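Biologist: I would like to go through this model with you. Tell me what each label rests on.

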Amino acid sequence: MVFKRRDKLSPLMWLSNVLWPKGGWHRAALYLRHRLHRLPDTPQKIARGVAAGVFVSFTPFFGLHFVIAFLGAKLVRGNFIAALLGTFVGNPLTYVPIGVISLKMGHFMLGTAFDHAHERSFVGKFFDAARDFWINFKALFTGADANWDGLIVFGREVFLPYLVGGILPGLVAAIAAYYLTLPMIVAYQARRKKRLRAKLEKLRKRAAGEKVSGKRG
């Protein structure tokens, strides 16, 4: 196959690449900025797309961020690719602080107590919910007893507070991303147009010079 890796990654190496991309996160950030610069769309639509992707990063719908970012970009009339790139604000380096901020804000808004043990068992509750979902799905075909305790705890203590609490910091981050991205894209596209005009003018002068030389000959 054309796109198949020659060196198959082991699960440990795959996890390592997820947590720390080849070349480091700085290089990954530079690559994302480069891709944003070269998107063929207006600066406003690109900035709105990035804002939609950043906002989605503050939601607990892990595994669906791309889909929701696509829908969010459509809602705000933003660039779809920019929205997908914006979701990379949520990454292994930021998931924990985003999760803790969203959970604390959510419990505060809902009037519930925030248990600091959630910070240590945050990932564990996701695994408990996923395990319950899988076991209950199999129970539909095996006749085994379904147990929804893990999902109920997850929904009450993690998902709902995360969902509610992520709205405000997500909006703040999205607005900041919009106003940071917009001038950057405007400046880049202006420089690119200037370079293209300079190249075109150079080609015109060269063509005119060749035409004059031909007449003299």
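Modeller: What follows takes the labels one by one and sets values against cut-offs. Keep in mind that this is a predicted model.

Biologist: What is the secondary structure of the chain?

Modeller: It comes to 9 helices and 0 strands. Along the sequence the pattern reads α-α-α-α-α-α-α-α-α. Buried residues account for 30% of the 217 residues.

Biologist: Why is threonine 59 called buried?

Modeller: Its relative accessible area is 11%. Buried means under 20%, so threonine 59 qualifies. Threonine 59 sits in the loop between helix 3 (43–56) and helix 4 (65–76). Setting aside neighbours within four places in sequence, threonine 59 is in contact with His65 and Tyr162.

Biologist: Why does arginine 77 count as exposed?

Modeller: Exposed means over 50%. Arginine 77 has 67% relative accessibility, so the label holds. Arginine 77 lies in the loop between helix 4 and helix 5 (80–86). Its phi is positive, about 60°, although arginine 77 is not a glycine.

Biologist: And what makes leucine 140 exposed?

Modeller: Its relative accessibility is 66%. The cut-off is over 50%, so leucine 140 counts as exposed. Leucine 140 belongs to helix 7 (residues 117–142).

Biologist: How do you know that the span of helix 6 is close to the expected one?

Modeller: Helix 6 (residues 95–110) has 16 residues. The expected span is 1.5 Å times one less than the number of residues. That gives 22 Å, and helix 6 reaches 22 Å from first C-alpha to last. Just after helix 6, glycine 111 takes a positive phi of about 75°.

Biologist: Which residues of helix 6 are buried?

Modeller: Ile98, Gly99, Val100, Ser102, Leu103, Gly106 and His107.

Biologist: What makes a set of residues a nonpolar core?

Modeller: The residues must be buried and nonpolar, and joined through side-chain atoms within 4.5 Å. The largest such core here has 14 residues. Ile46, Val50, Val54 and Ala82 have the most contacts inside this core. Helix 3, helix 6, helix 8 (149–165) and helix 9 (167–216) each give two or more residues to it. A second, separate core has 5 residues, among them Ala51, Ala174, Tyr178 and Leu182.

Biologist: What does valine 54 touch beyond its neighbours within four places in sequence?

Modeller: Valine 54 is in contact with Gly86, Thr87, Val89, Ala173, Ala174 and Ala177.

Biologist: Why is the pair of lysine 45 and aspartate 41 called a salt bridge?

Modeller: The N to O distance is 3.9 Å. The limit is within 4 Å, so the pair counts. Lysine 45 is at 31% relative accessibility, and aspartate 41 is at 23%.

Biologist: How many salt bridges does a search of the whole structure find?

Modeller: The search finds 2. Arginine 156 also forms one, with glutamate 157. Their closest N and O atoms are 3.6 Å apart, so this pair too is within 4 Å. Arginine 156 is partly exposed at 49%, and glutamate 157 is partly exposed at 22%.

Definitions and conventions
Residues numbered from 1 in each chain as written. Predicted model: local features only at pLDDT ≥ 70, side-chain atom pairs only at ≥ 80, totals over all residues. Heavy atoms only, no water. Helix = DSSP H or I, 4+ residues; strand = E, 2+ residues; numbered from the N terminus. Buried < 20%, exposed > 50% of the residue type's maximum accessible area, 1.4 Å probe, protein only. Contact = heavy atoms within 4.5 Å. Salt bridge = Lys/Arg side-chain N within 4 Å of Asp/Glu carboxyl O.
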